[in-house]
Amino acid sequence: MKLCKYVKEDVINKILNNGTTLSILSVIMIFATFPFFYAYFAKVKMELLHEMKTCKNSAVNVFNFVNEVEYFEPKRERLLDISQCQAKSERSFLLE
């Protein structure tokens, strides 16, 4: 009887020790790896913002180029400026 009681206490102590050790190690790992993940996601966010600005500037350039293109009208044999045919807006609603 006494041996069985001591074995149970020993098993319970080992389980508690293992659980405590695992919990402490997991907390230490979280505090050790958090700065790395934070820095990585901050870097990705900055790269995405830079790419979005570049893409928006490219779209503005294309929009401005399309609004200033001159077309050749073969019947009258002269260049037709598209800005004479349609109202030119400052910015497209797509770029805002």
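**Exercise 1. What percentage of the 96 residues of the chain count as buried?**

Solution. Let's start with the whole chain, keeping in mind that this is a predicted model.
- Step 1: The burial cut-off is a relative accessible area under 20%.
- Step 2: With that cut-off, 5% of the 96 residues count as buried.

**Exercise 2. Work out the order of the elements in the chain, and find which has the lowest mean pLDDT.**

- Step 1: The chain has two helices and two strands, and their order is α-β-β-α.
- Step 2: Helix α1 covers residues 2-67.
- Step 3: For the chain, the mean pLDDT is 79, with 66% of residues at 70 or more.
- Step 4: Among the elements, α1 has the highest mean pLDDT, 89, while strand β2, residues 78-81, has the lowest, 54.
- Step 5: A word of care follows for your own reading: where pLDDT is low, the predicted coordinates should not be read in detail.

**Exercise 3. Compare the UniProt annotation of residues 20-41 with the secondary structure of the model.**

Solution. Take the record, then the coordinates.
- Step 1: An unreviewed UniProt entry lists residues 20-41 as "transmembrane region".
- Step 2: In the model, this stretch is 100% helix and 0% strand.

**Exercise 4. Find the salt bridges and describe where their partners sit.**

- Step 1: The structure contains two salt bridges.
- Step 2: One joins Lys14 to Asp10, with 3.8 Å between the closest N and O atoms.
- Step 3: Both Lys14 and Asp10 belong to helix α1 and are four residues apart, about one turn of the helix.
- Step 4: Asp10 has 40% relative accessibility, so Asp10 counts as partly exposed.
- Step 5: Another salt bridge links Glu47 and Lys43, at 4.0 Å from N to O.
- Step 6: Glu47 and Lys43 are also in helix α1, four residues apart, about one turn of the helix.
- Step 7: Glu47, at 43% relative accessible area, is partly exposed, whereas Lys43, at 53%, is exposed.

**Exercise 5. Which residues form a nonpolar patch on the surface?**

Solution. Look for nonpolar side chains with accessible area.
- Step 1: The patch is made of Val7, Val11 and Ile15.
- Step 2: Together, these residues have about 260 Å² of accessible area.
- Step 3: Val7 lies in helix α1, and its relative accessible area of 45% makes this residue partly exposed.

**Exercise 6. Classify the aromatic pair formed by Tyr40 and Phe41.**

- Step 1: The structure holds two aromatic pairs, and one of them is Tyr40 with Phe41.
- Step 2: The ring centres are 5.3 Å apart, and the planes make an angle of 65 degrees.
- Step 3: Planes over 60 degrees apart count as edge-to-face, so the Tyr40 and Phe41 pair is edge-to-face.
- Step 4: Phe41 is exposed, with a relative accessible area of 53%.

Terms used:
Residues numbered from 1 in each chain as written. Predicted model: local features only at pLDDT ≥ 70, side-chain atom pairs only at ≥ 80, totals over all residues. Heavy atoms only, no water. UniProt positions renumbered as here; feature names shortened; annotations may be inferred. Buried < 20%, exposed > 50% of the residue type's maximum accessible area, 1.4 Å probe, protein only. pLDDT = per-residue confidence, 0-100. Patch = residues over 30% accessible without salt bridge, like charges linked within 9 Å, V, L, I, M, F, W, Y side chains within 5 Å. Areas by Shrake-Rupley, 256 points an atom, 1.4 Å probe, with all protein chains shown as cover. Phe/Tyr/Trp six-rings, centres within 6.5 Å; stacked < 30°, edge-to-face > 60°.
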